[in-house]
Amino acid sequence: MVSFLGCLAYRCDSAVTAMSLSLLLHPSICCTQASVLLAQCVRTLHSCAPKTLHSQTGHFLQRRFPPRFQVRNRSRKTRSQEEEWKKKNKTVLTYIAAAGVGMIGLSYAAVPLYRLYCQASGLGGMAVAGHDTDQVETMKPVKGRIIKVTFNADTHASIQWNFKPQQTEIYVVPGETALAFYRAKNPTDKPIIGISTYNVVPFEAGQYFNKIQCFCFEEQRLNPHEEVDMPVFFYIDPDFDEDPRMARVDTITLSYTFFEAKEGQKLPLPGYSYQ
Amino acid sequence: MSTAMNFGTKSFKPRPPDKGSFPLDHFGECKSFKEKFMKCLRDNSFDNSKCRLQSKDYLECRMDNQLMTKEPMEKLGFKDLMDPPPSQADRDAKP
């Protein structure tokens with residue numbers, strides 16, 4: 001079959017290409033040449049056809065009715081091979097399916113795992129798991145590293161308190177507890193309740209800045225014309241000195257902002273929530 | 001700070017204080033201790049390590065006036081400012 005087609009294609013192809021070429025070049029002259037070539041093509045067709053056809057059909061018949069012995073061997077081989085392939089395919093498919101399901105499962109499990117990792121390593125300023133108050137008792141001050149802590153006080157526009165720090169800066173070393181004061185005055189004639197939050201800059205240093213006690217996150221009530229001192233008792237974790245990221249940090253700024261708290265308003269405490 | 005759409009950067013997360021909040025000193029009971037501490041800071045160019053005794057006194061005042069929960073000073077990091085135990089003092093006294 002293939003040989004027959006090949007023969008035909010070759011003969012006629014050459015004739016056709018020759019014809020087309022000649023047509024392109026000499027349209028007038030070629031008509032006769034083209035007809036000659038075409039006749040040649042047809043003649044070859046006729047000559048080709050019977051021989052190859054006969055051989056092809058013979059071959060075909062032979063394939064359909066082969067001797068029985070050969071059939072069994074060949075089919076058994078192909079059948080077992082096919083079965084083997086099928087089995088292999090099945091195992092490969094199951095492996096791939098298992099890997100796919102595993103990947104999906106991993107992506108769901110990654111969320112709590114990552115959270116655990118962040119807690120352990122303290123990345124992103126999140127609450128470090130090994131953050132216990134016994135550390136205050138046992139920690140040793142790192143005398144060589146002096147850090148300047150500057151203080152900043154802000155009030156929200158709506159609160160009428162006068163709020164300012166009592167010292168602009170203080171020099172501490174990591175591992176040593178320190179005390180600092182802010183002063184707040186209520187110049188108005190009615191009691192005002194304020195609530196504050198704080199911020200530490202640079203915020204990578206924020207994870208080392210530990211407050212033992214302060215006046216933030218709880219409502220503080222100031223009576224009319226009252227002035228109070230607000231202390232902050234804090235320390236900087238001794239591990240601050242060993243963190244390579246903090247090697248160039250010499251100044252930490254602690255900034256407090258007071259907001260007015262409305263009656264009955266409950267602000268959420270920033271606990272160890274996963275935000 | 002949190003208004004910018006910085007999804008990759010870490011933002012600051014405030015943490016509550018370890019021992020909670022100081023009650024306000026409305027009556028100024030410990031004001032004198034505070035003044036002593038501030039004076040010490042100003043004299044020593046705001047060096048905290050030189051004024052630790054005054055800060056310890058202030059915290060003790062607060063504890064005495066129920067403005068702070070009573071706690072042993074070691075837990076607040078003042079272990080080095082406490083008196084040495086009696087056995088050590090006897091050993092030091094011996095020639």
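Guide: A disulfide is counted here where two cysteine sulfur atoms lie within 2.5 Å of each other. The model under discussion is a predicted one.

A disulfide joins Cys40(B) to Cys51(B), with an S to S distance of 2.0 Å. The torsion about the S-S bond of Cys40(B) and Cys51(B) is about -95 degrees, so this disulfide is left-handed. Cys40(B) belongs to helix 1 of chain B, whereas Cys51(B) sits in the loop between helix 1 and helix 2 of that chain; the pair therefore ties together parts that are 11 residues apart in sequence. Both Cys40(B) and Cys51(B) are buried.

The other pair to consider in chain B is Cys30(B) and Cys61(B), whose sulfur atoms are 2.0 Å apart. Here the S-S torsion is about -95 degrees, so the disulfide of Cys30(B) and Cys61(B) is left-handed. Cys30(B) and Cys61(B) are both buried. When the bonded cysteines are counted along the chain, the disulfides of chain B follow the pattern 1-4, 2-3.

We now turn to chain A. Cys214(A) and Cys216(A) form a disulfide with their sulfur atoms 2.3 Å apart. The link of Cys214(A) and Cys216(A) is left-handed, with -70 degrees about the S-S bond. Residues under 20% relative accessible area are classed as buried. Cys214(A) is therefore buried, at 0% relative accessibility, and Cys216(A) is likewise buried because its value is 2%.

One further residue of chain A deserves attention. Gln220(A) is placed in strand 7 (residues 220-222) of chain A. With a relative accessible area of 4%, Gln220(A) is buried. Leaving aside residues up to four places away in sequence, Gln220(A) touches several residues of chain A, among them Trp161(A), Ile192(A), Phe215(A) and Met230(A). Its contacts also include Ser21(B), Phe22(B) and Leu24(B). With Ser21(B) there is also a polar contact of 3.2 Å between the side chains of Gln220(A) and Ser21(B).

Key. Residues numbered from 1 in each chain as written. Chains lettered and ligands numbered in written order. Predicted model: local features only at pLDDT ≥ 70, side-chain atom pairs only at ≥ 80, totals over all residues. Heavy atoms only, no water. Helix = DSSP H or I, 4+ residues; strand = E, 2+ residues; numbered from the N terminus. Buried < 20%, exposed > 50% of the residue type's maximum accessible area, 1.4 Å probe, protein only. Polar contact = N/O pair within 3.5 Å; in protein donor to acceptor, adjacent residues only side chain to side chain. Contact = heavy atoms within 4.5 Å.
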